[in-house]
Amino acid sequence: GSAAERLERLSAALAAVGEGIGAAGDGSARLALLDLSVALERETVRAAFERLTEPLTRADLLRTALQLTDAAFGVGLLSSGERAALSERLTPLLVTDEAASADYLAAVRALRRSAPWALATVRYTFGEALVRYVALEPLAARFADELLRGSPVLPLAEATTRLAADADAISGISHRLFGRSYGGLLALNPGVARGPLRVVEPEAAETAALSREEIVVLPLTVSDLDPVAGILSLGEGNLLSHVQLLARNLGIPNATVSPVAAPALAAGAGRAVLLAVGTDGSIVLEEWDALPAEVRERIAGAQREPRAGAGPLLAPTPDLGVVRPLGLEELRATLAGRVVGPKAANLGELAALFPGRVEQAVALPFGIFAAHVGGGREAPKGRIERAFAEHRAGRLDEVALAAELASVRAAIAATPLSAELRSRLERELGERFGPAGSYGVFVRSDTNVEDLPGFTGAGLNETVPNVVGLEPLWAAVSRVWASVLSPRAVAWRSTILANPEEIYSSVLLMKSVPATKSGVLVTADLVERGEGLTVATAWGVGGAVDGEAAETLVLRPDGDVRLIGEAKAPYQRRLASKGGVEWIPAPKGPVLTPAERRALVELAAEVEARRAPAVGA
């Protein structure tokens with residue numbers, strides 16, 4: 001038969017075999033089905049690429065993509081939930097001649113997630129084995145990419161790229177990479193940057209030392225990203241992770257690219273490029289020297305002269321007069337940035353609005369930090385101020401500044417809490433949490449330069465989880481104080497603050513809660529910019545903020561649930577009885593039950609009704 005007929009039959013057969021493997025109880029039957037699956041997969045990929053060489057209409061491409069999602073499900077790369085989410089978007093377009101353009105654009109955007117979903121499946125399935133193999137051979141980190149290149153996901157990515165180009169044309173959006181039009185790109189954050197293009201290989205994704213002058217291509221979203229000029233990634237990652245929030249707040253151009261464009265990006269590695277991500281969603285990546293001279297001069301001039309109101313921020317000077325621990329009932333939003341950081345201040349506000357629904361906590365104000373690290377030119381705070389002053393004067397280069405700050409950081413980490421503070425905290429924590437050793441405490445950083453207009457310090461400083469016992473707790477407080485001078489924290493703050501030396505740390509001590517699920521909720525649809533809630537959740541404690549593959553949903557007012565991504569982190573954090581956290585295998589698939597989703601919708605409505613929005617804060 002024709003390529004279209006063969007692809008239809010093969011994809012359906014592959015999906016049926018995939019379902020049969022899961023249902024087969026006999027080992028020999030399952031092995032036979034696996035052998036059949038391998039043979040069918042090979043023929044499916046061959047038929048798909050043959051089909052893609054033919055002249056195809058929009059409907060042909062949609063049908064091909066739908067068939068390939070069935071095939072990807074059949075080989076285990078897409079879950080049943082992901083398959084259903086894509087089918088719900090694509091099928092209605094194939095049974096009518098009058099589909100709304102908005103429905104078509106939404107379907108194509110959903111299809112763009114299929115390759116990242118499949119990649120997350122491979123990383124989840126083979127995560128434990130890959131950790132061991134990569135330790136022996138770093139090139140093993142490329143296993144996931146190589147597996148997908150031989151699967152139905154590769155022709156699916158090709159079909160998606162063509163549909164995305166068509167959808168962009170309908171929207172009036174164009175994308176260009178090195179002079180060629182491309183589909184399948186998605187703007188996450190607008191901005192303009194120029195610098196050398198750096199392609200980070202999978203084996204170096206978590207360890208590569210990056211420069212703030214570079215435009216980087218990342219194979220995945222990493223949790224601890226150094227400051228860079230621009231970001232291109234092969235998947236959206238977690239929309240509510242710390243890195244995404246930092247990029248959005250600092251105006252760093254950020255976009256995702258289709259795997260189909262990876263060869264073009266690799267060919268451009270090392271070149272000086274311009275990355276422009278428009279507010280209209282358009283994306284341009286061009287070699288700098290290939291741009292007309294007048295365009296280069298106009299861009300360079302605009303970057304030399306920042307727009308009005310976009311200059312460096314000044315770190316606010318806090319009130320250092322409060323030098324005693326503050327209980328949860330004393331904390332209010334009005335203290336944020338003045339006496340304590342915004343985490344503590346807003347937690348106290350929530351506790352007042354929702355009595356009995358917020359776990360106990362104690363805050364150590366900025367004044368306590370200043371009392372322990374201040375006190376003269378040779379004290380840690382004096383050394384910080386002197387180092388930055390010498391750096392601005394040109395008498396201390398970047399290397400020397402980093403060395404001095406590392407020395408100060410070590411001194412702060414070794415600073416003991418005063419006997420008076422330890423005694424007071426022991427009484428305070430005993431009254432609120434119980435006998436020492438019977439509870440754990442999350443020791444959270446909370447500075448005077450978080451949540452400023454145009455800047456968030458999300459995830460820059462350290463949180464020490466589940467500290468058990470008083471002596472470890474005293475050491476953890478000093479460790480968190482010191483973390484405000486980590487190279488990554490200093491680098492990010494220095495990109496936006498005129499006076500990064502004016503950093504003060506408060507600490508929030510929160511009683512540990514052995515959560516089985518955790519996450520982040522935003523009262524807006526961050527995907528389609530409509531009404532709704534965006535929810536990112538993961539298994540275990542502290543989930544959905546480190547860039548892991550969290551379950552991300554958009555809960556719409558009409559009750560519809562849009563799947564943006566499933567939870568596919570191989571491991572989850574669990575509180576350890578003797579302190580700290582331990583990593584255990586995490587389930588794959590839905591995190592929130594329907595009842596829990598409804599409860600979150602009700603909670604969001606309750607919060608919005610009780611607390612006025614902080615617009616522009």
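Guide: A polar contact is a pair of N or O atoms within 3.5 Å; within protein, one must be able to donate a hydrogen and the other to accept it, and residues adjacent in sequence count only if both atoms are side-chain atoms. Here, a polar atom of the Asn-448 side chain lies 2.8 Å from the backbone nitrogen of Tyr-504, and the side chain of Asn-448 also reaches the backbone oxygen of Pro-316 at 2.9 Å. This is a predicted model, in which local features need pLDDT of at least 70 and side-chain atom pairs count only at pLDDT 80 or more, while totals for chains, interfaces and linings use all residues. Residues are numbered from 1 along each chain as its sequence is written, and side-chain values use heavy atoms, with hydrogens and water left out.

Visitor: Is Asn-448 buried or exposed?

Guide: Buried means under 20% relative accessible area, exposed over 50%, and partly exposed in between (1.4 Å probe, protein chains only). Asn-448 has 1% relative accessibility and therefore counts as buried.

Visitor: Where does Asn-448 lie, and with which residues is Asn-448 in contact, leaving aside its neighbours within four places in sequence?

Guide: Helices (H or I, at least four residues) and strands (E, at least two) are DSSP runs, numbered from the N terminus. Asn-448 lies in the loop between strand S12 (440-447) and strand S13 (464-468). Contact means heavy atoms within 4.5 Å. With those neighbours left aside, the contacts of Asn-448 include Ala-315, Pro-318, Gly-337, Phe-366 and Glu-502.

Visitor: What is the order of the strands in the open sheet of nine strands?

Guide: Strands of a sheet pair through backbone hydrogen bonds, either parallel or antiparallel. Two strands pair if DSSP finds at least two bridges between them. In this sheet the order is S2-S1-S9-S8-S4-S5-S6-S7-S3, with mixed pairing. Strand S2 (180-181) and strand S3 (186-189) are the edge strands, each pairing on one side only. Strands S6 (residues 230-233) and S7 (residues 254-256) run parallel, joined by three bridges.
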